[in-house]
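This report goes through the folds of the chains, the packing of their helices and the contact between them. Please keep the structure in view while reading.

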Amino acid sequence: MDSHNQAHLLRKIQELSFVAVDLNLYLDTHPGDRRALEMYNNVHRDFLQAVRKYEKMYGPLVNFGYSPAMQDYWTWVESPWPWEIKY
Amino acid sequence: MYRDNNQNPQQGNTQAVSYIDQNQELGYYPPQGMELARAYVPIQRLGKVYPPAKALETGTLFPELYRPYHY
């Protein structure tokens with residue numbers, strides 16, 4: 001497992017989710033701002049892509065919400081706990 | 001908006017807030033013709049934003065909200 005790449009991808013997910021939250025807050029007070037909406041949708045798309053890519057390579061990020069369970073195995077128990085990941 | 005549906009949350013406890021009696025005249029402070037301070041916040045205008053990595057580091061996506069303010 002390439003832990004450097006894993007950390008890099010995880011960081012990217014954190015960055016994108018932060019941007020999404022900040023745009024979320026802006027849109028709360030500017031719900032009709034088209035430019036902000038476009039930015040939000042782009043970030044949201046990139047975020048989902050990054051999450052899917054991460055989960056495909058390193059296992060589920062959260063216990064539910066993004067990835068369906070595999071047919072024959074519950075992969076959530078496969079990944080190391082956060083404190084076991086060697087970045 | 002904060003809405004309190006629970007009118008009597010702690011029965012038996014001391015009432016900390018005194019409510020208005022509907023028949024009672026309101027004794028306002030400050031006196032008539034004066035107003036307490038009012039706060040305002042100008043609405044934010046969207047300009048250029050930080051790239052995602054910089055935003056996460058800085059704690060905001062918006063340069064106009066980062067202190068010290070440059071305006």
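Is the crossing of helix 1 of chain A and helix 2 of chain A left-handed or right-handed? The crossing of these two helices is left-handed.

## Model and confidence

The structure is a predicted model. Its scores are ipTM 0.74 and pTM 0.67. For chain B, the mean pLDDT is 78, and 70% of the residues in that chain reach 70 or more. Where pLDDT is low, predicted coordinates should not be read in detail.

## Fold of each chain

Chain A contains two helices and zero strands. Of its 87 residues, 18% are buried. Among the contacts in chain A with a separation of 6 or more, 45% join residues 24 or more positions apart.

Chain B has one helix, again with zero strands. Buried residues make up 6% of the 71 residues of chain B.

## Helix packing in chain A

Two packed helices are described by the angle between their axes and the distance between the axes. In chain A, helix 1 covers residues 3-29 and helix 2 covers residues 34-58. The axes of helix 1 and helix 2 come within 9 Å and cross at roughly 155°. Angles over 145 degrees count as roughly antiparallel, and helix 1 of chain A and helix 2 of chain A are therefore roughly antiparallel to each other.

The residues in the contact of helix 1 with helix 2 of chain A comprise 19 nonpolar, three polar and three charged.

## Contact between chain A and chain B

Eleven residues of chain A are in contact with nine residues of chain B. On the chain A side, helix 1 and helix 2 each supply at least two of the residues that touch chain B. Helix 1 of chain A gives the largest share of that side, eight residues. Sorted by class, the side of chain A that touches chain B has six nonpolar residues, one polar residue and four charged residues.

## A:Phe18

A:Phe18 is part of helix 1 of chain A. Why does A:Phe18 count as buried? A:Phe18 counts as buried because it has 21 C-beta neighbours inside 10 Å, and the cut-off for a buried residue is 20 or more.

Within chain A, A:Phe18 and A:Val43 are 25 residues apart in sequence, and their C-alpha atoms are 9.8 Å apart in space.

Definitions and conventions. Residues numbered from 1 in each chain as written. Chains lettered and ligands numbered in written order. Predicted model: local features only at pLDDT ≥ 70, side-chain atom pairs only at ≥ 80, totals over all residues. Axes fitted to C-alpha atoms, helices over the stretch in contact; angles between N-to-C directions. Helix = DSSP H or I, 4+ residues; strand = E, 2+ residues; numbered from the N terminus. Parallel < 35°, antiparallel > 145°, perpendicular 65-115°, else oblique. Left-handed = near helix turned anticlockwise from the far one by under 90°. Nonpolar A, V, L, I, M, F, W, Y, C, P; charged D, E, K, R; others polar. Contact = placed C-beta atoms within 7 Å. pLDDT = per-residue confidence, 0-100. Buried ≥ 20, exposed ≤ 12 C-beta atoms within 10 Å, placed from the backbone.
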